[in-house]
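Trainee: I am new to this one. Please show it to me, and then let us talk it through.

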Amino acid sequence: MKIIAAYHKAGAIAYTSHLDVQRTLQRAFRRADLPLSYSQGFNPHPLVSFATALATGYTSDQEWFEVKLSQEMTAEEFMERVNAQMPKGMWLSDAFTAADEMETLSKLVQSARYDVTVHFSHEVTQEDINAAVEKALDSQEIMIMKKTKGGMKNTNIRPQVMSVVVKQVENTVARFDILGELTVTGGLRVEPLLHAMLDGIDPEMLILVHRAAMYFEDARLP
Amino acid sequence: MDKVILDKLLHQVEKPTRYVGGEWNMVEKSEAGTHFALCFPDVYEIGMSHLGSKILYNILNGMDDVYCERVYAPWTDMEKALRDNGQPLFSLETKRSLRDFDIIGFSLLYEMCYTNILTMLDLAGIPFFACERGEDMPLIFCGGPCTVNPEPIAPFMDAIVIGDGEDVDAEIVREYRKAKAEGRSKDELLQRLAKLEGVYVPKLLGVDGHDVITRRICKDLEHAEYIGKQLVPHMGIVHDRVAIEVMRGCTRGCRFCQAGYIYRPVRQRSKELLLKQAKELVDCTGYDEVSLLSLSTGDYSQLHELLPQVMDCMEQKRVSVALPSLRIDSILKDDLERMQQVRKTGLTFAPEAGTQRLRDVINKNVTEEDLLRAVGDAFEAGWSSVKLYFMLGLPTETDEDILGIADLARKVSAVYYAMPKEKRQMGLRISVSASTFVPKPFTPFQWVPQCSLEEIRRKQMLLKNALKGARGVEYHCHLSQLSVLEACFSRGDRRLADVLVSAYGKGCRFDSWDEHFKPQMWAEAFEENGVTMEEYANRERSVDEPLPWDHIDIVVTKDYLKKEYEKALQGTTTDDCRKKCNGCFAKRYEDYCSLS
């Protein structure tokens with residue numbers, strides 16, 4: 001059987017890379033003594049897969065993943081046992097059981113909502129921020145440098161931006177609500193988007209990204 | 001520290017996880033009267049792999065009203081970020097400024113981390129020299145294997161622990177707390193510390209009977225505190241697995257190996273205890289690998305009972321078992337096959353010298369037959385990748401000995417190809433590695449001059465040419481001034497403290513890391529202080545001359561080392577002392593060792 005669950009990532013553990021998050025979860029599952037299913041081959045590993053990776057430094061309220069178990073277990077028991085072994089800043093919410101045949105999460109994910117806080121090194125005004133955002137959204141192109149196999153490539157990320165709302169601007173802090181595409185082949189790069197929109201105001205700004213939700217095409221998932 | 005400032009710093013560095021803490025099993029204490037900073041002067045990934053620090057973290061945090069937090073050397077990008085933002089170096093647990101700790105303890109595992117000690121003190125706003133620090137400064141001491149010759153860093157330390165830290169570190173903390181409660185001055189505290197066994201107070205050398213400091217030995221390992229709950233990091237570290245210390249000390253007496261002398265006598269843990277520790281640590285960490293550690297685990301008297309039991313238990317939990325530091329002459333054939341089944345860990349053998357003659361000189365008592373049998377067993381058990389460690393520049397070494405290395409490598413290759421094709425695992429990789437010999441204090445070779453770099457280069461070329469065309473053999477050689485510096489600091493005196501400060505001022509950091517090592521700056525630092533590397537590293541010392549570490553008594557006598565040196569020059573071997581006591585301790589310490 002498989003269990004689909006979402007983990008939260010908050011605080012210092014946000015700086016753990018996705019690869020290390022995988023290892024951290026594996027260790028938590030082992031401490032919880034879960035009946036994990038393992039892959040075949042020389043280096044067997046637990047069968048855990050993620051809807052998508054979370055960039056290092058981002059916090060999140062909804063990182064969906066699935067894990068295959070070799071014995072039946074209720075979602076409640078799964079959550080309880082795992083949460084007792086989760087390190088500070090990570091915990092599970094929303095777990096449910098699913099059939100093995102269900103499509104993998106990474107194929108179903110479509111978009112995500114982000115709550116972004118920006119700390120500027122000087123005071124900023126609502127007008128300036130609104131203007132910068134509008135200017136970026138009005139254009140057909142928002143160009144960022146993206147690292148690809150062939151080297152750094154200039155990429156247009158405008159098509160992946162679904163919406164940007166300026167929620168609040170106060171002194172040196174601004175908050176944004178951003179909706180972006182998220183698919184198995186990639187998704188909206190939030191931090192580069194912010195740089196592209198706001199570097200003109202302050203290239204030294206500190207950008208803190210929080211993934212508030214993930215949306216899937218399957219009706220069974222939120 | 002303010003959250004926004006911390007986030008700002010973390011966003012400016014690679015691997016921010018190095019500085020955030022929050023590991024599974026991290027200790028949190030809301031209140032404590034005494035704050036202890038356990039410092040490892042290298043980056044997180046290295047420090048977190050150190051066994052001794054894990055033990056001390058547990059012991060110190062087990063003390064009532066004492067909170068022990070960790071601080072590692074900040075990587076160069078974090079050092080810059082801290083300076084740019086005017087922030088002090090901070091601990092992982094609570095982000096407390098290093099300056100605000102009561103006691104600071106450094107673990108010194110290798111000499112080339114010394115500049116990082118200065119970085120950490122600098123970023124805490126703490127003066128380097130003990131004599132420049134006032135009453136308001138933390139008590140600063142250190143421990144670890146380097147302290148057998150502590151003179152190069154003695155001027156920076158209030159106190160230095162020689163030997164096992166389990167008991168004495170707690171004693172230092174207790175004396176500190178007592179002195180504080182009584183309103184004593186730092187000097188009065190230092191006088192009391194100087195009376196503790198194994199504690200060297202540089203300021204008080206020669207004062208009031210503080211003439212010789214005897215190494216502290218934890219005699220009963222079976223009942224000593226161990227790791228407790230091992231920390232599980234959120235990023236990869238060098239040794240990312242459960243650490244089980246099987247025993248301490250070694251009976252083989254290889255003459256180049258300092259650890260073999262400074263950790264005597266051998267003290268074992270029972271197999272019942274080891275199995276129990278392994279289970280507990282696996283359960284409380286979730287790790288999928290257990291390592292059985294000691295200087296020579298193959299010599300553990302109950303290995304053949306322990307190993308199958310551990311492997312059975314771990315196999316059920318899908319945990320692999322790693323056995324590093326295995327001597328070639330350990331008989332492990334059946335165990336090898338089982339180990340191969342669970343997970344493929346690499347196999348390393350260290351013949352150290354290419355001919356029996358030279359192996360006899362250095363008392364590494366393994367024969368060619370031992371090596372070929374061991375690799376034969378390994379190949380048959382499914383391994384196709386083995387590492388062979390050698391050293392260049394050993395005393396009495398001739399070109400014939402170097403060519404002997406190539407000869408051995410070719411013979412190992414031949415063993416593989418002699419096996420029927422169906423039986424052998426594909427892709428033979430024999431990795432030959434030859435490092436530069438560094439003579440160390442408290443070994444029979446402490447009087448030996450280090451070979452010059454030019455000579456080492458010549459020897460490396462000789463070996464490289466001799467290995468050409470050997471099937472499946474790769475040669476890894478590394479020529480670096482680093483080994484010369486290591487030779488200087490390991491047998492150095494207090495004058496080197498000034499050299500260290502100069503080198504630090506010129507930007508020397510993380511010297512044991514290739515990408516940061518600045519040989520030119522070091523050369524300048526030596527010159528500016530009127531000393532040469534040659535006088536420390538390449539000078540031949542007379543066995544009668546006084547040595548900078550003569551005031552340290554590691555329990556093995558100088559007489560014994562002299563005798564071993566003479567035997568080395570004759571090419572005579574000394575047996576494993578489990579066979580017969582060789583009398584390395586003076587009569588005074590005979591009862592320290594169960595074998596004497």
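Mentor: Start with a term: a disulfide is a pair of cysteine sulfur atoms within 2.5 Å. This is a predicted model, where local features need pLDDT of at least 70, side-chain atom pairs count only at pLDDT 80 or more, and totals for chains, interfaces and linings use all residues. Residues are numbered from 1 along each chain as its sequence is written, chains are lettered from A and ligands numbered from 1 in the order in which they are written, and side-chain values use heavy atoms, with hydrogens and water left out.

Trainee: How many disulfides are there over all chains?

Mentor: Take B:Cys131: its closest cysteine sulfur is in B:Cys142, 16 Å away, so the gap is too far for a bond. B:Cys577 is in no disulfide either, with the sulfur of B:Cys593 nearest at 6.2 Å. Over all chains, the count is 0.

Trainee: Is B:Cys577 buried or exposed?

Mentor: Buried means under 20% relative accessible area, exposed over 50%, partly exposed in between (1.4 Å probe, protein chains only). B:Cys131, at 71%, counts as exposed. B:Cys577 has 15% relative accessibility, so it counts as buried.

Trainee: How far apart are the end C-alpha atoms of helix 13 of chain B?

Mentor: Helices (H or I, at least four residues) and strands (E, at least two) are DSSP runs, numbered from the N terminus. The expected span is 1.5 Å times one less than the number of residues. Helix 13 of chain B has 13 residues (368–380), so it should span 18 Å. The end C-alpha atoms agree, at 18 Å.

Trainee: Which residue just after helix 13 of chain B takes a positive phi?

Mentor: Within the helix, buried residues include B:Asp370 and B:Phe379. Just after helix 13, a phi of about 110 degrees belongs to B:Gly382.
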